[in-house]
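Here are my notes on this one, in the order I'd go through it with the viewer open. Have a look at the structure first, then read on.

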Amino acid sequence: MSDSSGVRIHPVIVGTAGHVDHGKSSLVRRLTGVDPDRLREEKERGLTIDLGFAPLELPSGRLVGIVDVPGHEKFLKNMVAGATSIDFALLVVAADDGVMPQTLEHLDVLNLLGVKKGMVLLTKIDLVDDELLELAELGVREAVEGSCFEEAPILKVSSQTMEGIPELIQALDAEVSHLEPRSAEGLFRLPVQRVFSKPGFGTILTGIPLAGSIAVGDRLEVVGRGLESRVRAIQAYGSQVERARAGHSTALNLPGIPVEQVRRGDVLAQPGVFERTQKLELSLQMVKGVAPLTHGEEVHLHIGTLETMARVFLLDKRELGAGEKGIAQVFVREPVTSCPGDLLLLRRMSPARTLAGGRVLGTFGRRLRRFKDPVLEHLREKEKSLGSPRERLLLLLSEAGAAGMSREIASGRLGWTLAELEAVLASIREDGGQGEAIVEEAKSGLLFHPASVAREIERIQGCLQGWYAEHPLSSTVPLSLVREGAPGRVLQPALDLLASRGDLRFLPGGLLQDPSREDRLNSGERARLKELQAFLEEAGTRPHSPAAVRERFGPEGESLLEALLEMKGAVLVGRNFVWGREAFDKALQAAAQVCGNKVGGVLEIPKLRDLLGTSRKFLMPLLEHMDRSGVTARKGDRRILRKIPGNP
C-alpha cells in the first residue's frame, strides 16, 4: 500500500523501549525528523509521558511506523499500550547509565507481549570512553540473556554527533525487509489510542489496528457504546489513504461519533460483530524476581490500549510463583473486547510491578471451578488450538453445545471474517470422513459440533427404543415424543442427519419411522390384524370404541389397534370411536353427496344422518373430525364442504 506521495507503506511497527532519559525520543527525532513528544508538558519537562508516533522512510522506499514509549515508571501503562502493537523493538540503553530498573521491566513487557525481533542500541556513546562503553555492553549482554534480544545485534549510536545513525538506518532497513508483514486477515479491530476533534472534520480517533482492514466509506462502531459512524477520511503516517490495515499507524475521521463519548481503551470495529466481556480465560507466564501471584489477587490488567482492574482466579495452582506458568480466569471490572490469542499484561497494584503476561484462551465462559481435570484439559486444548483455525472453531462449537451458534457470533468470537469462517468450514467438510464434520441446521444456519449432534442422536434413538418396547407392533413414533426434553436447537439437525443416513423417515401427521421396522409383522400378527379390520368394518357407521377392541381382542388389542391405525386401516375419530377405513371413506363420500359434490355446498346434517343410518352419538364426533381435517368448515350456523374427499 502507498500513501498519496507514492511511498510504500510497510505494515510493520518499530518501537522503542528503555529507561527514562536514555535517549529514546532524541533517537526518534534523528531517525525521522519528527518530535514524538507532542504534549506541552513533555516538552517543558523533557520527559516522554505518552506514546509518540512518527513515520520512518527507509532507504529501500519502505515506510514504517515508529512508536516512542515513555520510560518513566509512572507512565509504564502508556508504554504497555504502545508495546502491544510492536513488531520490531529497539531496546535503548544509555552508555553512561547502563541497564536500569525500567530497562529490565520494559524487557519483561516486550517478552511477555510476544515481541520476537529487535536490536539493542547503546546511546550517548559520545559521553563515555571505550572502557565504560565496553562495560555497558557487557551489562546489556547479561541483562538480555534468555530474552528475545539474546541474539540481537548491539549498535552504538549518538543522537548528538550522529555517530552510528547511518549504520542504524541501514541495519533497520535490512531487518525490516526480512520481517513478515503483519497480516490483514481477520475482522477489523482498532484499540483507540487518541481521541480529538479537528475543526471542519469532527472526531478523529487514532491507533494501530490489531487485525483486518477498513476503507473510506465503511461504517465503524465503538464496541459496546452504541456509537456508530461512516469513515469520512483515513490518514496513515500523516498522508491521506483510501484504506487502513493492521500494522498501520492510523487516524480515522468519524464525524458521527461525539468526541466526549470516546476514550483511550475503547475499540473500533465493524458494527454488530464484537461483544464485550468481563470474563477472560488465560494462560499466564510470570516474570522472574517477583512475589507469587495469589488466588483472587486484584491487579491492573492491560489489554490493547485499555487499563482496568481485574481479579485473578488461579485454576491449576494455589499460587503462581516467579517464572512459573499457569491457567487462570480473570474477572475484569470494565468490559473488554478480546479474541482468543490476544496478549495482555498483569501488573501488581502495590508495589507497582509487572507480574505476568497472559494469552487469551477464551471469553464469555461460565465461572470455572478450580483443580477440575476436565476444566483444565479443555483450557489446555484451547491453548493448543490457537495455531489451528480448525481446532479453534471446533472447540468454540463444543462450548455452544446443544444451543449451536450462528455464523455471525462465531465470526465475532474468533475474530474472523465470514469469508474466513467459510474457508475453515469448507476445510473441515473436506475431512468429514474423519468424524469431525460440523453439522448445520438447514433452516436457521446454526452450526453444531459433531459431538453435540451425536449426543442428541443417542437420545433420539433411546426415545425410539423405549417407544418400540412399549408398542411392539408399531413402526412409527410420534415426533412429539422426541421433542419432549430436547435440549437447545440440536434436535432438528440430529433428525435430519438420521434421515440423510437412511436411519429415519419423516411421515405425514407428525410421525417418525425406523425403516428397519417397516415390515415387522409375522403371519400370525397379520391374521389378527385382518380380524380386527373386519370387526371394525362390520360395525359400519356405528363404530366401536377402543375399549370394545380391547375387550374383543384381549391384552394384544391395544397393540393391534395402534398398528392398524398406523397402517391407515382404521381411523380414530375423537377419543371414543374407531372407524374402519372403508366405512369412514364411505361416510365422507356421503357427506360430499349431501353437499352436491360441490365445494361450498351446505351440509344438511339430518340428510347425512339418514343417509348413513346412524345416530347423533356417532355423527357429531364424525362432523367435528371432518372440520379438524379440513373436509368441512363451520360458517355461522351452517357447515359447508371445503374439499371433495379423495381430492388433494
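1. Let's start with D627, which is partly exposed at a relative accessible area of 22% (buried means under 20%, exposed over 50%, and partly exposed in between, with a 1.4 Å probe and protein chains only). Before going further: this is a predicted model, where local features need pLDDT of at least 70 and side-chain atom pairs count only at pLDDT 80 or more, while totals for chains, interfaces and linings use all residues. Residues are numbered from 1 along each chain as its sequence is written, and side-chain values use heavy atoms, with hydrogens and water left out.

2. What does D627 pair with? Its side chain meets that of R639 in a salt bridge, at 2.8 Å from N to O (the rule being a side-chain nitrogen of Lys or Arg within 4 Å of a carboxyl oxygen of Asp or Glu). D627 sits in helix α19 (residues 616-628) and R639 in strand β34 (residues 638-641), so the bridge ties together parts that are twelve residues apart in sequence. Helices (H or I, at least four residues) and strands (E, at least two) are DSSP runs, numbered from the N terminus. R639 itself counts as buried, at 5% relative accessibility.

3. Strand β34 also holds L641, which is buried at 1% relative accessibility. Its C-alpha is 8.2 Å from that of A591, although L641 and A591 are 50 residues apart in sequence. For a contrasting sort of pair, take Q533 and D637: they are 104 residues apart in sequence and 36 Å apart in space, C-alpha to C-alpha. Q533 belongs to helix α14 (residues 523-539) and is partly exposed at 29%.

4. Back to the charges: the salt-bridge count comes to 31. One of them joins E440 to R429, with the closest N and O atoms 3.9 Å apart. E440 is in strand β26 (residues 439-440) and R429 in helix α10 (residues 418-430), so this pair links parts that are eleven residues apart in sequence. Both ends are partly exposed: E440 has a relative accessible area of 36%, and R429 comes in at 44%.

5. Another bridge runs between K586 and E582, with 3.3 Å between the closest N and O atoms. E582 is partly exposed, with a relative accessible area of 47%.

6. Now the surface patches. These are built from residues with over 30% relative accessible area and no salt bridge, joining like charges within 9 Å and nonpolar side chains (Val, Leu, Ile, Met, Phe, Trp, Tyr) within 5 Å. Accessible areas are from the Shrake-Rupley method with a 1.4 Å probe, and for residues only the protein chains shown count as cover. D96, D97, D126, E163 and E167 form a negative patch; Lys and Arg count as positive, Asp and Glu as negative, and His and the chain ends are not counted. Each charge is placed at NZ of Lys, CZ of Arg, CG of Asp or CD of Glu. Of the members, D126 is in the loop between β5 (117-123) and α5 (130-143) and is partly exposed at 34%.

7. There is a nonpolar patch too, of about 290 Å², made by L132, L135 and L138. L135 is part of helix α5 and is partly exposed, with a relative accessible area of 49%.

8. Which backbone spots would I check by eye? K124 has a positive phi near 60° without being a glycine; it is in the loop between β5 and α5 and partly exposed at 22%. F371, also not a glycine, has a positive phi of about 60°, and its place is the loop between β25 and α7 (373-385). Then there is the cis peptide bond between S350 and P351, with omega about -5°; P351 lies in the loop between β24 (343-348) and β25 (353-363). These are worth a look because most residues other than glycine have a negative phi, and most peptide bonds are trans.
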